Amino acid sequence: IAYLNALQFGLKRILFGGFFIRGHAYTMDAISFAIHFWSKGEAKAMFLRHEGFLGAFGAFMSYEKHGLDDLMAHQFVERFPLGATCVGGNIHGPPLGDLSDKISWLEKFVQKGTEIIAPVPMAPPGTTGLGGFERPSSKGETLRSDDASLNVGVLHLVPTLEVFPLLVDPKTYEPNTIDLSDHSELEYWFTVLSEHLPDLVDKAVASEGGTDDARRRGDAFARAFSAHLARLMEEPAAYGKLGLANLLELREECLREFQFLDAYRTIKQRENEASLAVLPDLLMELDSMSEESRLLTLIEGVLAANIFDWGSRACVELYHKGTIIEIYRMSRKKMQRPWRVDDFDVFMERMFGSGGNKSVPHKRALLFVDNSGADVVLGMLPLARELLRRGTEVVLVANSLPALNDVTAIELPEIVAEAAKHCDVLRKAAEAGGLLMDAMINIQDASKDDSSSVPLMVVENGCGSPCIDLRQVSSELAVAAKDADLIILEGMGRTLHTNYNARFRCDTLKLAMVKNQRLAEKLVKGNIYDCVCRYEPAC
């Protein structure tokens, strides 16, 4: 009956759902075989992973009938198909088109061959986990030996993201600065990602204790991600419009698919501890300077500390030659102006004024932080401290999910708490922002001066990638941005790979050290380790 209906309307893919089918390998196998048989191989049976939500989706899609026109497409985000090649299968099939540009669906087709065996233990034995279907146990190890194959279709929706309200024109905003429609450009970045893959797998396996299970998952991740790259090399538009940010997000999602939730966890903890140990000396040095000299030193510090990026091959080689503090000091010594892009003098004039006229401090600054360790501790935190001293509220914006050695929003409060032990400015601001455990005690004690401090806050950005697409940010960030009049974007992913050309309705400072020679040549016509300090007044 299903095939005859599909035949009547000229459809080649038939999606089945329901509790009786869900996770039952033999039922799905029988349906797949039947559709293959009756259609003579022209139609395929597809099965949904999250079919329990289809009723809710159908109700939502009728919102136009109920006058709910204010619901925006940015609440939905397209996700990549993952993990298809664990047992030698192929990923195939184009994504479905947009539905009136309001909902972006992603369809995953997995051809697993004749075996339906979950490649990694995503759930307790005998159950159906997120990573695949339960291993057949009552009929042996394999299913049919004919040429019919099991196909799984997955539709993902994440209804939690919004458009960043400070973009000048969200409709024309394009986050990616690298044009991957150029095949040579595409080939170069695929090579970069492929060369970095073995080191990433080693870090991921080590983060899970180096167990046999972790090694098996690491191998499965490497094969799955390599298969995605191979397919995208042949068909760049296979998953929709492709940018460098999409490639980097694909890598992180693929890691998470194989349960590597934070591959650089141990490394981040070690680098945070090393950086926090030298922070008091740095703050003492900064406090001995004049305001103008201190601001320059702070920006130099951010640029120097941004050298710590485990996603850069050149930086990984540096790690093998010295400790984090040694590399940071070396980087600081090499900070010489003019930088490749150098708008510092214009920024300083906005901060302090000119001709005897003092400028008004910013009301609220959003600081998009990048890496753990020296980058956030010795770079962005001291800069945040300076803004707080000037009476500016500071919101530290960090990843919702781990990506390489990027700091996350859940990790930042602990880092701030440790830093606050050595600095009253950070302590009072963190208490005002609710980041410290004793914050409520101090807030309730009206006799203390702490309650008058401007707050230091942390929000998640809704992202789990080294880059950020500002059409899809967390609702918390969107709310925090409404009162902001200064944005500081820091790091190669958020400032150069994406958003270098983005324009905002408030003052913007873009800071990054270029750690890829090709990117340096293409974007700023410079060399590796060149620095970018780009200031753009409010549009």
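Leaving aside neighbours within four places in sequence, which residues is threonine 297 in contact with? They are Leu286, Met289 and Arg332. The model is predicted. The protein has 18 helices and 13 strands. Of its 539 residues, 53% are buried.

**Overall picture**

- The accessible surface of the protein comes to about 24100 Å². Carbon and sulfur atoms account for 54% of that surface.
- Take the contacts between residues at least 6 apart in sequence: 75% of them join residues at least 24 apart.

**Threonine 297 and helix 8**

- Threonine 297 sits in helix 8, which covers residues 291-305.
- Its relative accessible area is 11%. Threonine 297 therefore counts as buried, since the cut-off for buried is under 20%.

**Helix 8 against helix 11**

- Helix 11 spans residues 344-352. Its axis and that of helix 8 come within 11 Å.
- The two axes cross at roughly 135°. That angle makes helix 8 oblique to helix 11.
- The crossing of helix 8 past helix 11 is right-handed.
- From helix 8, the contact uses Glu291, Glu292, Leu295, Leu296 and Ile299. From helix 11, it uses Phe344, Phe347, Met348, Met351 and Phe352.
- By class, this contact of helix 8 with helix 11 holds 8 nonpolar residues, 2 charged ones and no polar ones.

**Helix 4 against helix 6**

- Helix 4 runs over residues 183-207, and helix 6 over residues 244-257. Their axes come within 12 Å and cross at roughly 25°.
- The angle is under 35 degrees, so helix 4 is roughly parallel to helix 6.
- Helix 4 passes helix 6 in a right-handed crossing.
- Helix 4 brings Trp189, Phe190, Leu193, His196, Leu200 and Ala204 to the contact. Helix 6 answers with Leu244, Leu247, Leu248, Arg251 and Leu255.
- The residues in this contact of helix 4 with helix 6 divide into 9 nonpolar, 1 polar and 1 charged.

- Serine 372 lies in a loop. The loop runs between strand 7 (364-368) and helix 12 (374-389).
- Serine 372 has 0% relative accessibility, so it counts as buried.
- Beyond its neighbours within four places in sequence, serine 372 is in contact with Lys268, Glu271, Asn272, Asn405, Asp406, Val407 and Glu411.
- Tyrosine 264 is 108 residues from serine 372 along the chain. Their C-alpha atoms are separated by 9.9 Å.
- Lysine 268 belongs to helix 7, residues 265-287.
- Lysine 268 has 2% relative accessibility and therefore counts as buried.
- Not counting residues up to four places away in sequence, lysine 268 touches Asp262, Ser372, Pro402, Leu404, Asn405, Asp406, Thr408 and Glu411.

**Backbone exceptions**

- Most residues other than glycine have a negative phi, and most peptide bonds are trans.
- A cis peptide bond joins arginine 337 and proline 338, with omega about 0°. Proline 338 is in the loop between helix 10 (324-333) and strand 6 (341-342).
- Asparagine 499 has a positive phi of about 75°, although it is not a glycine. It is found in the loop between helix 17 (492-497) and strand 12 (507-513).
- Is asparagine 499 buried or exposed? It counts as buried, because its relative accessibility is 0%.
- Tyrosine 529 is not a glycine either, and its phi is positive, at about 75°. Its loop links helix 18 (517-524) and strand 13 (531-536).
- Tyrosine 529 counts as partly exposed, because its relative accessibility is 33%.

Terms used. Residues are numbered from 1 along each chain as its sequence is written. This is a predicted model: local features need pLDDT of at least 70, side-chain atom pairs count only at pLDDT 80 or more; totals for chains, interfaces and linings use all residues. Side-chain values use heavy atoms; hydrogens and water are left out. Axes are lines fitted to C-alpha atoms, for helices over the stretch in contact, and angles run from 0 to 180 degrees between N-to-C directions. Helices (H or I, at least four residues) and strands (E, at least two) are DSSP runs, numbered from the N terminus. Angles under 35 degrees count as roughly parallel, over 145 as roughly antiparallel, 65 to 115 as roughly perpendicular and the rest as oblique. A crossing is left-handed if the near helix is turned anticlockwise from the far one by less than a right angle, and right-handed if clockwise. Contact means heavy atoms within 4.5 Å. Ala, Val, Leu, Ile, Met, Phe, Trp, Tyr, Cys and Pro count as nonpolar, Asp, Glu, Lys and Arg as charged, and the others, Gly among them, as polar. Buried means under 20% relative accessible area, exposed over 50%, partly exposed in between (1.4 Å probe, protein chains only). Accessible areas come from the Shrake-Rupley method with a 1.4 Å probe; for residues, only the protein chains shown count as cover.
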